[in-house]
Amino acid sequence: MTITLDSFRLDPPVLLAPMAGITDLPFRRIVARFGAGLVVSEMVASGEMLTAKPSVRAKARSELGLDLPSSVQLAGREARPMAEAAKVVADMGAKIIDINMGCPAKKVTGGASGAALMRDPDHALRLIEAVVGAVDLPVTLKMRLGWDEGQINAPEIARRAESAGVRMIVVHGRTRMQFYEGRADWGAIAAVSEAVSVPVVANGDIVDAPSARMALARAGAAGVMVGRGAQGAPWRLAQIAAALYGAAPPKLPKGAGLVDLVSEHYEAILGFYGEQVGLRLARKHLRWYAEVAGAALVPEMMRAQTPEAALALIRAAFSERAAA
Ligand SMILES: Cc1cc2nc3c(=O)[nH]c(=O)nc-3n(C[C@H](O)[C@H](O)[C@H](O)COP(=O)(O)O)c2cc1C
C-alpha cells in the first residue's frame, strides 16, 4: 500500500513524526537511510522563520541526499505569516508542507497555535487555506482528536481541511488535554478516516510491528506515523515496514557497525550545530541508543567535553552490543 501526494509516493506508508529537538536533519537522514515513507522536520515557528534567524532556518533544511520526500512542519497562529513562511520553506526545497495543529505545549497553545487551533476551526481553516494557496506543494495537517474529551472535533476539521485542499491528515489519538498521558485511542481515529477521502495516518504509541498493525486496523488508516519509538532506534520504521508491507528488512547494526552508526550520528550532530551546542544536544540520543541496545551508559559519556572523549566512550559502550 502506498500513499500518493501528487508526484510523491510515501512508500512504505510508515512515516517519521515531527519531534522538536529530535527530528533534525542529522536524525532524519539516518532514519531515511534505513527506510521510511516520509520524514518530517521538527516544527518551525512561522514568525521566526520570517526573521531568517540561521538556527531557525536550519530546522527547515531538508536535503536528505536520498530520493525520499521530506516534509517541513510549520507552526503558527496567523494566516499571513504562515503563508509567507510556507513560501520560504518551499524555496528552501521542502517537498511537502505540514501544518502543526497538535502541539499541546503551553508555550505553543498559549500563543493560540498548535492544538489550540482546534478550538477555533473557522480560524484554523483560514490559516489552512492561506498555506494551501501560497505554495504549489502538497499541504498536510497533523492534529489531535480534539481539545478535550468534550470537544472531539477532528472529523469535522478534517472534512473542512480536505475541502480546503489538504492532501493527508495525521491524527495523534489523544486530546490536547491528555498531553502524553494515558494511551492513544486508535479506534477514535476511525471517525476521521470515515469522514474524508484523503489518506489518514494513525499516530500515537506505535512502537513496533504489532502496535502498528493494531493501530492501522483500529483506525482504518492508510499508514502509520512513529515518533518516540524511533528514538535510539532509527531502524524502527524500516522494521515496521518490513513486517507490515513486505519492504526489505533493515540490516540491524551490531558491534563495530553499531559503533559506526552511533559515532556517525554523533559527528553529524556536531557538524550541524557546531561543537558547543552539538555536544549537549547529542547526549539525549546517546542515552536512547544505550537504552535500546542495553549498553551501559557511563556518566563520563554524558559529561564528555570533547568529541574525541565522547567517541572513545561510544566505542567502549557499543562495541559488544547490538541494535534491537
Ligand atoms: C519531544 C517531542 C517533541 C515533539 N515535537 C512535535 C512537533 O514539533 N510537531 C508535532 O506536530 N508534534 C510533535 N510531537 C508529537 C509527535 O509528533 C507525536 O504526535 C507524539 O509523540 C505521539 O507519537 P509517538 O507515540 O509515536 O511518539 C513531539 C513529541 C515529542 C515527544
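Predicted model: local features only at pLDDT ≥ 70, side-chain atom pairs only at ≥ 80, totals over all residues.
Within helix α7, which comprises residues 154-164, lies A158. This alanine has a relative accessible area of 0%, and because values under 20% count as buried, A158 is classed as buried. When its neighbours within four places in sequence are left aside, the residues in contact with A158 are M143, I169, V192 and V196. The C-alpha atoms of A158 and V200 are separated by 9.3 Å in space, although the two residues are 42 residues apart in sequence.

Helix α11 (residues 256-273) and helix α12 (residues 275-293) have axes that come within 8 Å of each other and cross at roughly 155 degrees. Since angles over 145 degrees count as roughly antiparallel, α11 and α12 are therefore roughly antiparallel to each other, and the crossing in which α11 passes α12 is right-handed. On the α11 side, the contact is formed by L258, L261, V262, H265, Y266, I269, L270 and Y273, which meet E275, V277, G278, L279, L281, A282, H285, L286, Y289 and A293 of α12. By residue class, this contact of α11 with α12 consists of 14 nonpolar, three polar and one charged residue.

Technical notes
Residues numbered from 1 in each chain as written. Heavy atoms only, no water. Helix = DSSP H or I, 4+ residues; strand = E, 2+ residues; numbered from the N terminus. Buried < 20%, exposed > 50% of the residue type's maximum accessible area, 1.4 Å probe, protein only. Contact = heavy atoms within 4.5 Å. Axes fitted to C-alpha atoms, helices over the stretch in contact; angles between N-to-C directions. Parallel < 35°, antiparallel > 145°, perpendicular 65-115°, else oblique. Left-handed = near helix turned anticlockwise from the far one by under 90°. Nonpolar A, V, L, I, M, F, W, Y, C, P; charged D, E, K, R; others polar.
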